[in-house]
Amino acid sequence: MKSMFKLHATALLTAGALALPAFAQQAPLKVGLMLPATGTFAALGTAIENGFKLYVTEQGGKLGGRDIQYFKVDDESEPSKATDNVNKLIKRDNVDVLIGTVHSGVAMAMAKAAKDSGTLLIVPNAGADAVTGPMCAPNIFRSSFSNWQQGYAMGDWVHKRGHKNVVTIAWKYAAGDETIAGFKDSFQKAGGKVVKELSLPFPNVEFQALLTEIAALKPDAVYTFFAGGGAVKFVKDYAAAGLKKSIPLYGAGFLTDGTLEAQGTDAEGIHTTLHYADGLGTARDNAFRVAYVRTYRLPPDVYAVQGYDAAQMLAAGLAGTKGDISRKADFSAALRKAKIDSPRGTFTLSKNHNPVQDFYVRQVVGKENKPAGVAIKALADPGRGCSMQ
Ligand code: BEZ
């Protein structure tokens with residue numbers, strides 16, 4: 001009796017295995033969200049997840065005709081835990097696609113694991129140049145920016161404002177170093193001089209000694225990279241040190257994005273550049289913002305947009321494979337050709353799979369980063385070191 005059951009079960013299993021492709025297409029698509037839920041970038045992780053899920057909900061809960069099943073890991077923005085964390089999603093949960101993350105150091109570990117395992121990865125924030133540079137791969141895409149790109153966007157503009165000698169200050173890790181390098185590229189090309197590069201380890205927020213040094217150096221302006229909780233503290237400390245009135249503060253837009261409620265009037269008037277701004281006034285952006293506020297009762301920000309667009313990118317790839325994520329070459333070809341109808345404005349992907357996009361100048365007015373022009377149009381990351389063309 002026992003062996004007859006076994007035979008029957010084996011036959012069923014075999015039949016099931018033969019039918020697997022059709023079944024697999026109807027099975028939920030397993031999406032692994034690896035984002036920070038704790039630490040200085042926690043709010044950024046929440047906004048990315050909200051944005052991703054908003055797009056999925058707008059599509060009736062399905063992408064490529066498939067229901068979505070979520071798996072989550074809190075990466076704590078901690079590079080030393082990143083490989084273990086990403087392997088929980090790849091090896092334990094067997095996800096079809098990885099969405100993550102915020103921190104450049106963590107994203108580089110994710111990119112390595114994605115490349116080694118062939119798992120599809122869409123990066124919804126971290127700008128690590130290497131991800132779409134030397135680590136680029138057919139299965140790795142980004143919905144956000146490269147660090148070089150965001151820094152480069154502001155250098156020329158700051159010089160045109162009449163600032164010749166600038167001090168930079170940033171966290172000492174890939175995002176800080178590479179953003180400052182991008183800024184220097186365009187600022188020095190325009191004739192500017194970076195008189196001092198200040199830094200402190202991520203995620204430290206003990207800014208006092210560095211602010212004293214800035215006061216002593218008396219540059220024409222300061223350019224920064226900080227984000228999340230660290231950006232809130234930096235802007236408040238800069239104002240409290242009495243520097244805001246005497247030395248104009250500029251930054252990659254993360255300095256004032258998703259932070260204005262906490263920064264209050266200390267952020268008023270600050271100019272930054274970023275690939276998104278509040279109140280672009282397009283029908284697409286208005287619809288996104290209304291839906292986001294209605295769903296989450298929170299103001300939308302750049303992180304929400306990047307999460308929303310990561311879901312749009314996943315949908316664009318799946319549209320080219322009728323929902324079959326195992327057709328990797330077809331998925332990649334479809335996404336490479338796609339035009340993403342983003343709230344930020346339509347964008348395409350460069351050959352190294354990074355958005356080619358406009359960078360806006362924004363100025364803080366009340367609780368918004370209001371658009372104040374375009375710093376640079378259709379800026380593409382150069383993809384240095386990427387051999388996939
Ligand atoms: C990064 O680590 O790449 C990053 C973190 C927060 C905002 C922007 C970039």
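The structure is a predicted model, in which local features need pLDDT of at least 70 and side-chain atom pairs count only at pLDDT 80 or more, while totals for chains, interfaces and linings use all residues. Residues are numbered from 1 along each chain as its sequence is written, and side-chain values use heavy atoms, with hydrogens and water left out. The protein chain is assigned domain 1 (24–145 + 280–349) and domain 2 (148–274), with bounds that come from an automatic or database domain assignment.

**Domains and the spaces they line**

- The centres of domain 1 and domain 2, taken over C-alpha atoms, are separated by 28 Å, and 16 residues of domain 1 are in contact with 18 residues of domain 2, where contact means heavy atoms within 4.5 Å.
- The largest pocket has a volume of about 470 Å³, and of the 27 residues that line this pocket, Asp-257, Gly-258, Thr-259, Pro-299 and Asp-301 are the closest to its centre.
- Two or more residues of that lining come from each of H3, H9, H10, helix H11 (283–296) and strand S14 (368–379), and H3 gives the largest share, 5 residues. Helices (H or I, at least four residues) and strands (E, at least two) are DSSP runs, numbered from the N terminus.
- By class, the lining of the largest pocket holds 11 nonpolar, 9 polar and 7 charged residues, and at least three residues are drawn from each of domain 1 and domain 2. Here Ala, Val, Leu, Ile, Met, Phe, Trp, Tyr, Cys and Pro count as nonpolar, Asp, Glu, Lys and Arg as charged, and the others, Gly among them, as polar.
- A search of the whole structure finds 1 cavity of 30 Å³ or more, and about 80 Å³ of space lies in the largest cavity. Of the 16 residues lining the largest cavity, Val-102, Asn-125, Phe-145, Tyr-173 and Phe-225 are the closest to its centre.
- The lining of the largest cavity has 11 nonpolar, 5 polar and no charged residues, with at least three residues from each of domain 1 and domain 2.
- On a 1 Å grid over the protein atoms alone, a cavity is a set of points where a 1.4 Å probe fits but cannot get out, and a pocket is an open set with protein on both sides within 12 Å along at least five of seven lines; lining residues have an atom within 4 Å of a point. Grid points are joined across faces, edges and corners, and a volume is the space filled by probe spheres set on the points.

- H3 has 17 residues and reaches 25 Å from its first C-alpha to its last, close to the 24 Å expected at 1.5 Å a residue; the expected span is 1.5 Å times one less than the number of residues.
- H3 is mostly covered, with 12 of its 17 residues buried, among them Ala-42, Leu-44, Phe-52 and Tyr-55. Buried means under 20% relative accessible area, exposed over 50% and partly exposed in between (1.4 Å probe, protein chains only).
- The 13 residues of helix H9 (residues 228–240) should span 18 Å at 1.5 Å a residue, which agrees with the 19 Å between its end C-alpha atoms.
- The buried residues of H9 include Gly-228, Val-232, Phe-234 and Tyr-238, and the buried residues of this helix pack against elements including H3 (42–58), strand S7 (165–171) and helix H8 (208–217).

- Thr-168, found in strand S7, is buried with a relative accessible area of 1%, and its contacts include Ile-180, Phe-183 and Tyr-223, not counting residues up to four places away in sequence.
- Val-305, placed in helix H12 (residues 302–319), is likewise buried, with a relative accessible area of 1%. Val-305 touches Tyr-276, Phe-288, Ser-342, Pro-343 and Arg-344, not counting residues up to four places away in sequence.

**Backbone exceptions**

- Most residues other than glycine have a negative phi, and most peptide bonds are trans.
- A cis peptide bond, with omega about 0°, joins Gly-100 and Thr-101, and the bond from Phe-202 to Pro-203 is cis, with omega near 0°.
- Ser-77 is not a glycine, yet has a positive phi of about 50°, and this residue is buried at 7% relative accessible area.
- Lys-218, in the loop between H8 and S9, has a positive phi of about 50° although it is not a glycine, and counts as exposed at 65% relative accessibility.
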